[in-house]
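Q: Could you take a close look at one helix pair in this model, and say briefly how it sits beside what is known of the chain as a whole?

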Amino acid sequence: MRLVGGVFIVALLTLTVANILPANLGSNVGSSDRREMQPDSIYHPASLSTPGLPPFIPADLRKAYNFLPLYNRNVDGRTTRIAIVDAYGDPTLSSDLAGFDGFTGLPSATVNFYYPNGVPRRTNSNWAVETALDVEWAHSMAPGASIDLVVGVDASLGSIYNAILYVANSLPGDAVLSMSFGLSESLYPTTGSATIASFHQLFVTITSHGTVAVASSGDSGASSCCNIQYPASDPLVLAVGGTSLSLNSDASYSHESAWTGSSAGSSIIYPKPSWQLGLGDSMRDDVDVSYDADPNTGVMVLALGSSFEVGGTSAGAPQWAALLALASQANSIKYGAVNSQLYNLSSYHDVTTGSDGFFSALPGWDYPTGLGTPDANATVTFLGSLSLVATNTNSLQGVIVTTSSLLTINMSALTVSGNVSVVAKNSTTQTTIFTKTYSIQNLKLQNQTTSFQVSFLLNIPISPYSLSSDITIKLVQNVATASVLLTRQLDINGNGSVDIVDVSIMAAVFNSTVGTSTYDPRADFDANGVIDIIDASIAARYFGATDFL
């Protein structure tokens with residue numbers, strides 16, 4: 001089987017359309033996949049003097065998707081690296097890229113070439129355009145980033161697997177990986193080295209390095225719910241769908257609709273990830289986000305010495321990859337599996353019209369356009385922080401305590417700020433006996449090797465013994481969680497933190513039980529009548545924690 005590079009190619013000079021599939025497809029791919037796409041409109045020649053008209057150049061999409069404020073503060077991807085996987089490569093890429101940069105006014109790019117299975121012995125014009133598209137447009141939106149181009153010797157599953165394997169093993173420092181290809185989930189083998197399970201393990205490794213994996217969703221639209229392509233369907237991968245973009249005469253954003261070719265639907269392999277709960281059906285759905293992809297509103301690409309207008313979801317994947325590289329530079333963060341964070345972002349262009357042939361665009365998340373297209377500046381700003389909303393209810397010594405938090409994690413400074421409210425009620429009468437909102441300011445997350453975390457206490461001064469709501473914030477690969485434990489007040493001496501004095505008080509009465517002369521109820525943190533190893537472990541867990549009185 002061979003992967004299909006997802007691009008629509010329209011030659012600007014001849015207005016003809018090339019076959020979008022690589023030659024010599026294996027027998028497992030049906031003959032219907034050899035069809036050719038025909039243009040249905042006349043395309044505008046590229047011109048720096050006519051902003052807002054396709055084929056779009058970098059200046060158009062930079063303005064439309066609000067990249068300009070980032071460049072104004074020197075956020076251009078410098079210090080970051082973008083990995084791109086392609087097949088066959090582009091034999092004239094160096095001269096094509098230089099011509100593209102000269103025509104569009106971009107600075108020169110730094111491109112590193114890697115050939116895991118050797119330099120390809122033959123070329124493929126369709127993959128050459130794909131390669132040029134990926135490199136030129138990743139560079140367009142993140143002009144300061146270095147590009148690591150990993151080229152498979154051909155488009156077979158084995159070659160693409162080896163190229164992604166190279167990224168996993170040899171490029172752990174890259175901020176993002178862009179993949180503009182895919183194959184229907186049902187066409188992958190179920191045994192051997194190139195199964196979906198094998199690919200998934202590569203993405204486990206890649207995201208563990210902090211590298212974001214981005215893939216195009218495909219260009220075949222949808223005729224049913226469940227015919228999507230992998231790797232876009234992997235829950236560790238950000239799936240990019242397609243829109244038809246219209247700009248105003250000054251290249252400012254006008255409107256978008258779902259592109260008819262935006263492949264979308266439900267996975268037949270992966271269950272619903274937590275960050276998609278309540279959306280779509282019970283399985284992993286794509287797309288996650290979208291970008292301009294309609295070949296009628298395509299982008300300018302120089303490849304094989306010629307000018308092309310190129311569409312397809314392949315155009316969106318490298319540009320979303322570039323955007324995430326900008327976020328990595330601006331916030332000094334590597335994001336890894338970033339989907340859960342992007343599903344909390346509200347600053348998208350919400351695409352509400354159009355269809356991919358089966359699914360229609362709707363307000364909010366939808367299949368063909370996902371969450372929408374980016375406001376680049378808002379996205380980078382948002383990814384500099386992480387919101388954490390959590391509510392927990394516990395009971396102890398006849399009191400029910402509800403703890404509700406609305407916290408923000410500054411991902412660059414690794415600090416936690418926000419408000420946490422506590423409501424304590426009598427468990428029998430439901431009468432409120434204490435309520436307070438605590439202000440948390442810039443608590444520092446500490447490096448725990450595999451995570452970052454901070455713990456703090458909220459004092460609940462009630463009779464006969466004060467309680468505390470003990471909160472731990474943990475950050476693992478940019479996913480934040482909060483856990484709450486209700487105990488008696490851990491800060492026994494009330495000096496503002498759990499320290500050696502509190503531990504000494506507990507140690508002095510260790511193993512005592514209620515009713516004995518040495519029993520000190522203040523050290524019986526879990527109120528079970530005995531001061532034991534559980535109390536010691538609670539003290540150890542929150543040692544050094546700040547007590548908000």
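What percentage of the 549 residues in the chain do buried residues make up?

A: Buried residues (under 20% relative accessible area, with exposed over 50% and partly exposed in between, for a 1.4 Å probe and protein chains only) make up 57% of the 549 residues. The model is predicted, so local features need pLDDT of at least 70 and side-chain atom pairs count only at pLDDT 80 or more, whereas totals for chains, interfaces and linings use all residues. Residues are numbered from 1 along each chain as its sequence is written, and side-chain values use heavy atoms, with hydrogens and water left out.

The chain has 11 helices and 27 strands, which are DSSP runs (H or I of at least four residues, E of at least two) numbered from the N terminus. Its C-alpha atoms fill a box of roughly 95 × 50 × 40 Å along the principal axes. Of the contacts (heavy atoms within 4.5 Å) between residues at least 6 apart in sequence, 69% join residues at least 24 apart.

The helix pair is formed by α3, residues 93–104, and α4, residues 125–141, whose axes come within 10 Å and cross at roughly 40 degrees; axes are lines fitted to C-alpha atoms over the stretch in contact, with angles from 0 to 180 degrees between N-to-C directions. That angle makes α3 oblique to α4, since angles under 35 degrees count as roughly parallel, over 145 as roughly antiparallel, 65 to 115 as roughly perpendicular and the rest as oblique. The crossing of α3 and α4 is right-handed, the near helix being turned clockwise from the far one by less than a right angle. On the α3 side the contact is made by L93, D96, L97, F100 and D101, and on the α4 side by T131, A132, V135, E136, W137, H139 and S140. Sorted by class, this contact of α3 with α4 has six nonpolar, three polar and three charged residues, where Ala, Val, Leu, Ile, Met, Phe, Trp, Tyr, Cys and Pro count as nonpolar, Asp, Glu, Lys and Arg as charged, and the others, Gly among them, as polar.

Elsewhere, M506 is found in helix α10, residues 500–508, and counts as buried at 5% relative accessibility. Leaving aside neighbours within four places in sequence, M506 is in contact with A523, F525, I531, D535, A536 and A539. The C-alpha atoms of M506 and D520, 14 residues apart along the chain, are separated by 8.1 Å.
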